[in-house]
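Me: I am new to this structure and would like to learn how to read it. Please take me through it one feature at a time.

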Amino acid sequence: MTLEQRIAKARETGDTSGLVDIVPYYRFLGLTMKVTPEGPACLIPGGEKLVGNPSLPALHGGVIGALLEATAIMHLIWTRDSVSLPKIINLTVEYLRSARPIETTAAASVTKLGRRVANVRVEAWQEDRAKPVASANALFLLT
């Protein structure tokens with residue numbers, strides 16, 4: 001099944017698992033996507049395999065960064081009429097607090113959507129959305 005077909009099927013049925021399964025690293029992370037009235041949100045489960053600092057324990061920063069990037073990409077795929085993948089130009093991650101190895105959720109919003117580029121803001125949190133563990137600004141090339 002092509003990417004275009006997966007996107008169309010996900011929009012039609014609301015089942016987003018076909019989009020997430022495209023990227024093997026997303027499968028490794030256990031990343032899932034749910035569609036909310038505000039837009040799509042991505043989640044990763046907790047677990048020891050994602051821990052970067054076992055003495056705290058805390059999720060690896062790369063895992064948090066991947067969650068933020070994936071959320072921005074999935075948000076653009078879901079909310080745009082295009083079926084092409086946006087290409088990342090720049091991602092700036094701000095780590096705000098240690099992320100425990102529990103379920104972590106991220107949601108994105110488009111701050112600027114142009115014809116060729118999109119700027120997206122993403123926040124990740126655990127139990128309380130008012131206490132984010134990380135945030136990011138991403139710039140994408142749209143094709």
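Reply: Keep in mind that this is a predicted model. Start with pairing: two strands pair if DSSP finds at least two bridges between them. Strands E7 and E8 meet that, pairing in the antiparallel sense over 9 bridges. They form a hairpin with 6 residues between them.

Me: Which residue in E8 stands opposite Ala124?

Reply: Ala134 stands opposite Ala124.

Me: How many bridges join E6 and E7?

Reply: E6 and E7 pair over 8 bridges, in the antiparallel sense. This pair is also a hairpin, with 3 residues between the strands. As an example of a bridge, Ala107 has Glu123 in E7 as its partner.

Me: What is the strand order of the open sheet?

Reply: The order is E1-E2-E6-E7-E8-E5, which makes 6 strands with antiparallel pairing. Strand E1 (32–36) and strand E5 (87–95) are at the edges; each has a single partner strand, so one side of each has no neighbour in the sheet. On average, neighbouring strands are turned by 25° against each other, direction ignored.

Me: How many bridges does E1 share with E2?

Reply: E1 pairs with strand E2 (residues 39–44) over 5 bridges, in the antiparallel sense. Within this pair, Thr36 stands opposite Gly39 in E2.

Me: Which strands of the sheet does helix H4 touch?

Reply: H4 packs on the sheet and touches E1, E2, E5, E6, strand E7 (117–125) and strand E8 (132–141). The direction of H4 makes about 50° with that of E6.

Me: How do I read the length of a helix?

Reply: Compare its span with the one expected at 1.5 Å a residue. Helix H4 (residues 61–79) has 19 residues and reaches 27 Å from its first C-alpha to its last, close to the expected 27 Å.

Me: Is H4 mostly covered or mostly exposed?

Reply: H4 is mostly covered, with 15 of its 19 residues buried. Gly61, which lies in H4, has 27% relative accessibility, so Gly61 counts as partly exposed. The cut-off is that buried means under 20% relative accessible area.

Me: What should I look for among the buried residues?

Reply: In soluble globular proteins, nonpolar side chains tend to be buried together. Here the largest nonpolar core has 37 residues, and Leu19, Leu31 and Ile44 touch the most other members. Helix H1 (3–13), helix H2 (17–20), helix H3 (24–29), E2, H4, E6, E7 and E8 each supply at least two residues of this core. H4 gives the largest share, 12 residues.

Me: Which residues does Leu19 touch, leaving out those up to four places away in sequence?

Reply: Leu19 touches Arg6, Ile7, Ala10, Met33, Met74, Ile77 and Trp78, with residues up to four places away in sequence not counted.

Me: Now a single residue in a strand. Is Thr104 buried or exposed?

Reply: Thr104 is found in strand E6 (residues 104–113). Its relative accessibility is 0%, so Thr104 counts as buried. Not counting residues up to four places away in sequence, the residues that Thr104 touches include Cys42, Leu43 and Ile44, as well as Leu59, Ile64, Leu67 and Val133.

Me: With which side chain does the side chain of Thr104 make a polar contact?

Reply: The partner is the side chain of Gln126, at 3.0 Å. Gln126 is also among the residues that Thr104 touches, along with Ala124 and Trp125.

Key
Residues are numbered from 1 along each chain as its sequence is written. This is a predicted model: local features need pLDDT of at least 70, side-chain atom pairs count only at pLDDT 80 or more; totals for chains, interfaces and linings use all residues. Side-chain values use heavy atoms; hydrogens and water are left out. Helices (H or I, at least four residues) and strands (E, at least two) are DSSP runs, numbered from the N terminus. Buried means under 20% relative accessible area, exposed over 50%, partly exposed in between (1.4 Å probe, protein chains only). A polar contact is a pair of N or O atoms within 3.5 Å; within protein, one must be able to donate a hydrogen and the other to accept it, and residues adjacent in sequence count only if both atoms are side-chain atoms. Contact means heavy atoms within 4.5 Å. The expected span of a helix is 1.5 Å times one less than its number of residues. Axes are lines fitted to C-alpha atoms, for helices over the stretch in contact, and angles run from 0 to 180 degrees between N-to-C directions. A nonpolar core is a set of buried Ala, Val, Leu, Ile, Met, Phe, Trp, Tyr and Cys residues joined through side-chain atoms within 4.5 Å.
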